[in-house]
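Hi everyone, and thanks for having me. I'd like to walk you through one structure today, so let's bring it up on the screen.

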Amino acid sequence: MEQREKLMEQIRQYRPWNEQEAADRTELLRALSQENIFLRENKAAHMTASAWVVNPAGDKVLMAYHNIYDSWSWLGGHADGDMDLLAVAVREVREESGIPQVLPLSEDIFSLEILTVDGHEKKGAYVPSHLHLNVTYLLQADDGAALSVKPDENSGVAWFTPDKAVEASTEPWFQARIYSKLNRKLEAWKAVRGAV
């Protein structure tokens with residue numbers, strides 16, 4: 001099965017957590033029929049992958065201080081043509097945190113969301129406002145590993161308790177709609193499996 005079809009099937013099979021995910025899943029499936037949806041050249045919307053990264057004990061979350069958003073936020077990035085979004089999420093976490101060993105706790109999708117991105121400057125050029133069609137995965141990394149920043153993207157990387165991760169963000173919509181949701185999903189995930 002081709003990677004795009006595999007992703008579409010995973011999204012079709014995904015059980016939405018709430019109304020936001022149900023609505024966004026419908027739009028993600030519609031958008032995935034566009035030929036260039038995995039490329040930034042699609043200026044209106046393109047695919048991204050994010051990660052909710054937890055430590056082995058499941059009591060800390062990894063966040064980066066994102067330069068463009070001027071806020072502590074999850075890690076992740078653009079697909080840039082790669083249709084294996086789990087691989088994108090793992091790669092982005094490694095690049096943005098400096099942690100070499102990053103493992104998926106599951107290959108299943110952890111969360112879905114469509115995110116608005118305000119227009120901004122990047123590498124001296126203006127990037128117009130657009131949508132990130134995002135798939136999130138639950139990943140694990142060692143909270144004892146050395147951290148390093150990726151200066152062109154972030155100016156800090158740190159572990160937070162799940163509640164403090166939400167508080168550290170200065171983006172109210174992400175606090176209320178995304179990070180709080182991810183923490184609730186993490187608790188449900190741990191309850192089913194007994195641990196991370």
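Predicted model: local features only at pLDDT ≥ 70, side-chain atom pairs only at ≥ 80, totals over all residues.

How many salt bridges does a search of the whole structure find? It finds 12. Another of them joins glutamate 21 and lysine 185, whose closest N and O atoms are 3.1 Å apart. This one also links distant parts of the chain, with glutamate 21 in helix H2 and lysine 185 in helix H5, 164 residues apart. Now look at where these charged residues are. Glutamate 21 is buried, with a relative accessible area of 0%, and lysine 185 is buried at 7%. Both belong to a network of salt bridges that links Glu21, Glu113, Lys181 and Lys185. Lysine 185 has one more contact to show you: its charged end sits over the ring of phenylalanine 110, 5.5 Å from the ring's centre.

For a contrast, turn to helix H4, residues 162-168, where lysine 164 and glutamate 167 are three residues apart and so separated by about one helical turn. Their side chains form a salt bridge of 3.4 Å, N to O. Here lysine 164 is partly exposed, at 46%, and glutamate 167 is exposed, at 52%.

Next, the nonpolar residues. As a general point, nonpolar side chains in soluble globular proteins tend to be buried together. In our model, the largest nonpolar core has 36 residues, and Met47, Leu85, Tyr137 and Leu139 touch the most other members. Which element gives the largest share of this core? That is H3, with six residues.

Now the aromatic rings, where the count comes to seven pairs. One of them is tyrosine 65 with tryptophan 72, edge-to-face, 5.5 Å centre to centre and with 85 degrees between the planes. Tryptophan 74 and phenylalanine 174 are also edge-to-face, at 6.0 Å and 80 degrees. That pair spans 100 residues, from the loop between E3 and E4 to helix H5. Tryptophan 74 is buried at 8%, and phenylalanine 174 is buried at 12%. Both are part of one aromatic cluster, together with Trp52, Trp173 and Tyr179.

Last, a look at the backbone. Most residues other than glycine have a negative phi. Aspartate 70, in the loop between E2 and strand E3, has a positive phi of about 55 degrees. Aspartate 80, in the loop between strand E4 and H3, has a positive phi too, of about 50 degrees. Aspartate 70 is partly exposed at 48%, and aspartate 80 is partly exposed at 44%.

That's my tour, and I'm happy to go back to any part of it!

Notes. Residues numbered from 1 in each chain as written. Heavy atoms only, no water. Core = buried A, V, L, I, M, F, W, Y, C linked by side-chain atoms within 4.5 Å. Buried < 20%, exposed > 50% of the residue type's maximum accessible area, 1.4 Å probe, protein only. Helix = DSSP H or I, 4+ residues; strand = E, 2+ residues; numbered from the N terminus. Phe/Tyr/Trp six-rings, centres within 6.5 Å; stacked < 30°, edge-to-face > 60°. Lys NZ or Arg CZ within 6 Å of the ring centre and 35° of its normal. Salt bridge = Lys/Arg side-chain N within 4 Å of Asp/Glu carboxyl O.
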